[in-house]
Amino acid sequence: MTDRPHTGVRPADPAVVSAWLEAGDILLVDVRETPEYEREHIAGALLLPLSSFEPEVFPDLTFERVVLH
């Protein structure tokens with residue numbers, strides 16, 4: 001078994017994510033495409049479609065937690 005650095009990526013229960021979002025503790029990023037987002041999305045989510053996702057245009061992070069949906 002090799003030692004791999006911990007990336008900090010972990011699954012999160014939807015109820016926990018909802019509580020974090022309500023408390024303003026996370027940045028919720030929706031990576032679906034625009035038509036999918038327009039049909040239905042979580043209020044407060046930031047749309048950054050995965051097909052055009054560029055890390056350098058990712059907003060300056062002021063949140064300890066970022067949740068990708």
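Me: What pattern does the protein follow, read along the sequence?

Reply: Helices are DSSP runs of H or I with at least four residues, strands are E runs of at least two, and both are numbered from the N terminus. Here the order is α-β-α-β-β. That gives two helices and three strands. This is a predicted model: local features need pLDDT of at least 70, side-chain atom pairs need 80 or more, and totals for chains, interfaces and linings use all residues. Numbering starts from 1 along each chain as its sequence is written, and side-chain values use heavy atoms, leaving out hydrogens and water.

Me: How do I read burial, and what share of the protein is buried?

Reply: Look at relative accessible area (1.4 Å probe, protein chains only): under 20% is buried, over 50% is exposed, and in between is partly exposed. In this protein of 69 residues, buried residues make up 20%.

Me: Which residues make up the largest nonpolar core?

Reply: A nonpolar core joins buried Ala, Val, Leu, Ile, Met, Phe, Trp, Tyr and Cys residues through side-chain atoms within 4.5 Å. The largest one here has seven members: Val17, Trp20, Ile26, Leu28, Tyr37, Ala45 and Val67. Two elements each give two or more residues to this core: α1 (14-23) and β1 (26-30).

Me: Take Leu28. Which residues does Leu28 touch?

Reply: A contact means heavy atoms within 4.5 Å. Set aside residues up to four places away in sequence. Leu28 then touches Val17, Leu21, Ile42, Gly44, Ala45, Leu46, Val67 and His69.

Me: What share of the contacts joins residues 24 or more positions apart?

Reply: Count the contacts in the protein with a separation of 6 or more. Of these, 42% lie between residues 24 or more positions apart.

Me: Now Asp30. Is Asp30 buried or exposed?

Reply: Find Asp30 in strand β1. Its relative accessible area is 0%, so Asp30 counts as buried. Its contacts, leaving out residues up to four places away in sequence, are Tyr37, His41, Ala45, Leu46, Leu47, Leu48, Pro49 and His69.

Me: And Ala43: buried or exposed?

Reply: Ala43 is exposed because its relative accessible area is 64%. Look for Ala43 in the loop between α2 (34-39) and β2 (46-47). Ala43 and Leu28 are 15 residues apart along the chain, and 9.5 Å separates their C-alpha atoms.

Me: Where is Ser18?

Reply: Ser18 sits in helix α1. With 43% relative accessibility, Ser18 is partly exposed. Now go to Ile42. Ser18 and Ile42 are 24 residues apart in sequence, and their C-alpha atoms are 9.5 Å apart in space.

Me: One more. Where is Ser52 found?

Reply: Ser52 lies in the loop between β2 and β3. Its relative accessible area is 47%, so Ser52 is partly exposed. Compare sequence and space once again. Ser52 and Glu33 are 19 residues apart in sequence, with 9.1 Å between their C-alpha atoms.
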